[in-house]
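Dear colleague,

I am handing over the structure that we spoke about, and you will find it just below. Please keep it open beside this message while you read.

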Amino acid sequence: MKQSGSEGERDKQELHGEKERLVQRAPVCCSARYGLALLSSYGFFVVYSLRVNLSVAIVDMHNNTNHHTNTNSTSVCPLHFDPPRPKRNHTASVYDWDPKTQGWILSSFFYGYILTQIPGGYLAGRLGPKWVLGLGVLGIVLFTLLTPVAADWGAGYLIVVRVLEGIADGVTFPAMYTMWAAWAPPLERSRLLTISYIGSKLGTVVGFLLSGEISFYLDWTYVFYLFGAVGLLWFVLWALLVSDSPNDHPRISEQERLYIISSLKNELSTSTDQVPWRSILTSVPLWAIVVVHFSYNWTYYTFLTLLPTYMKDVLGFSIQQSGFLSALPYIGSATLVILSGQFADYQRETHNCPTARVRKAFTFVGMIGPAIFLVAAGYTGCNYISAVTFLTIATALTGVCISGFIINHLDIAPLFSGIIFGITNTIATIPGMVGPVIARSLTANNTMEEWQTVFYIAAAINLFGATFYTAFGQGSVQPWAVKTEGGN
């Protein structure tokens, strides 16, 4: 309890110190920091559109006439027929992949992704986040362009390419956290990071929406070619317009540079020459983030990869319809990401609400809300409106967590935010590796009862994560992450 009291006092001191400097705040319009937020948002749009497009394309990539249990249709519920459309005359190959193979293909990305989380944060601190992030996204783009060739060679080759794509992707978020440690004034963190993060939601939305249409009107190979081209354009813009820190930026105004530097004067450093590994690995607030991050990703990754399959194989929607309906939850999530970011910083800045209280409240809503609606979705049967509504609300509410535990890395250790995000995201990647495989194993027959089990597991894990974080999470810079006069 004593530690909790000192936690609140430190929060209040930080907030009051920042408010004294608000008179020097640089304008938002045309600022370098918000330009960085928008361009990083575009980058994560690319990252997530390339991550989810396979989830939709795989519906057309495999020969779905051989692996179903209902002799009258390929779904549990009655099929929803589209209005008449031009007949497809595709030349793209289809493959005889059973549900288990599909599960391994969809989860293989995460076996590479888990390997580069901590190295990504470390390298960004040593070499600078601009090129670590930029080259990581470029790698994702190049491996995406190779996806159709790898699929033709065989499922094993496709799995290898997805693993390599995951390796490239793994450095992106840790590098971005290192970037924001040098660019984000403390009282603008929620706003700036939610702008960055909304790109991941929009990439998911557009990836789901357009992948089905592209696959229908062209064929599934163009899903990877067209999104890959969008990623190449981003890399050119990133290379030309972004700098590692305000001091390196050639076009930043002096007012904005001084504002950012002064607001971060006790934090600003991206050096990782002396990393307090022992203190980091024994930090209870960090492990609180680890637990809730793992729990969050179990639900997020399972449905990121399997929602189109559920829409088609259970609810009976076509690939175009399942792509659109799978995008709906992420439209809601993107909206809540922005609104929660604004509201979180408003509470901290205007009402002096302690950072820990804000992070815990937003995390609790973003974890418990989805758990409730996921369980409810399992009992809607073939009531399509209720099923889609509950799944949309469940996934949309996860967006609130962006202003909760996800930003908390920067609160407790801005000097090492890239490294500690790498640590938490390494462990939180495990659900992406095993979640889809377990879910597909549990839903081999695609019955409602099987999917109810998947929903119950996700809800229980969410509940545990929210409870643990509420008990042990903190909101102020930890002693081992405080910059000393010697720069250590």
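What follows is a short account of what was found, from the whole chain down to single residues.

The model is a predicted one, in which local features need pLDDT of at least 70 and side-chain atom pairs count only at pLDDT 80 or more, while totals for chains, interfaces and linings use all residues. Residues are numbered from 1 along each chain as its sequence is written, and side-chain values use heavy atoms, with hydrogens and water left out.

**The chain as a whole**

The chain holds 20 helices and zero strands, where helices (H or I, at least four residues) and strands (E, at least two) are DSSP runs numbered from the N terminus. Of its 488 residues, 60% are buried; here buried means under 20% relative accessible area, exposed means over 50%, and partly exposed lies in between, with a 1.4 Å probe and protein chains only. The chain exposes about 18600 Å², and carbon and sulfur atoms supply 65% of that area, as computed by the Shrake-Rupley method with a 1.4 Å probe, where for residues only the protein chains shown count as cover. Among the contacts (heavy atoms within 4.5 Å) with a separation of 6 or more, 87% are between residues 24 or more positions apart.

The structure holds zero disulfides, a disulfide being a pair of cysteine sulfur atoms within 2.5 Å.

**Salt bridges**

A search of the whole structure finds seven salt bridges, each being a side-chain nitrogen of Lys or Arg within 4 Å of a carboxyl oxygen of Asp or Glu. One of them joins R33 and E188, with the closest N and O atoms 2.9 Å apart. This pair links distant parts of the chain, since R33 is in helix α2 and E188 is in the loop between α8 (172–183) and α9 (189–217), 155 residues apart. Helix α2 covers residues 32–61, and both R33 and E188 are buried; for R33 the relative accessible area is 0%, so R33 counts as buried. The side chains of R33 and E188 are also joined by a polar contact of 2.9 Å, which is a pair of N or O atoms within 3.5 Å, where within protein one must be able to donate a hydrogen and the other to accept it, and residues adjacent in sequence count only if both atoms are side-chain atoms.

A second salt bridge is between D411 and R359, with the closest N and O atoms 2.6 Å apart. This pair, too, links distant parts of the chain, with D411 in helix α17 and R359 in helix α15 (residues 355–377), 52 residues apart. Both D411 and R359 are buried. Salt bridges that share partners join R33, E188 and E256 into one network.

E254 is partly exposed, because its relative accessible area is 46%.

**An enclosed helix**

Why is helix α17 (residues 405–412) described as largely enclosed by the rest of the structure? The reason is that eight of its eight residues are buried, and these include F405, H409 and D411.

Which residues make the nonpolar surface patch of about 470 Å²? They are Y122, L123, L127, W277 and L281, and the elements that give two or more residues to the patch are α4 (117–127) and α12 (277–281). Patches are made of residues with over 30% relative accessible area and no salt bridge, where like charges are joined within 9 Å and nonpolar side chains (Val, Leu, Ile, Met, Phe, Trp, Tyr) within 5 Å. The largest share, three residues, comes from α4. L123 lies in that helix, α4, and L123 counts as partly exposed because its relative accessible area is 38%.

**Two positions and R162**

L106 is in helix α3 (residues 99–113), and its C-alpha atom is separated by 8.3 Å from that of R162, 56 residues apart along the chain. L146, found in the loop between α5 (129–145) and α6 (147–153), is 16 residues from R162 in sequence and 9.8 Å from it in space, C-alpha to C-alpha.

With best wishes
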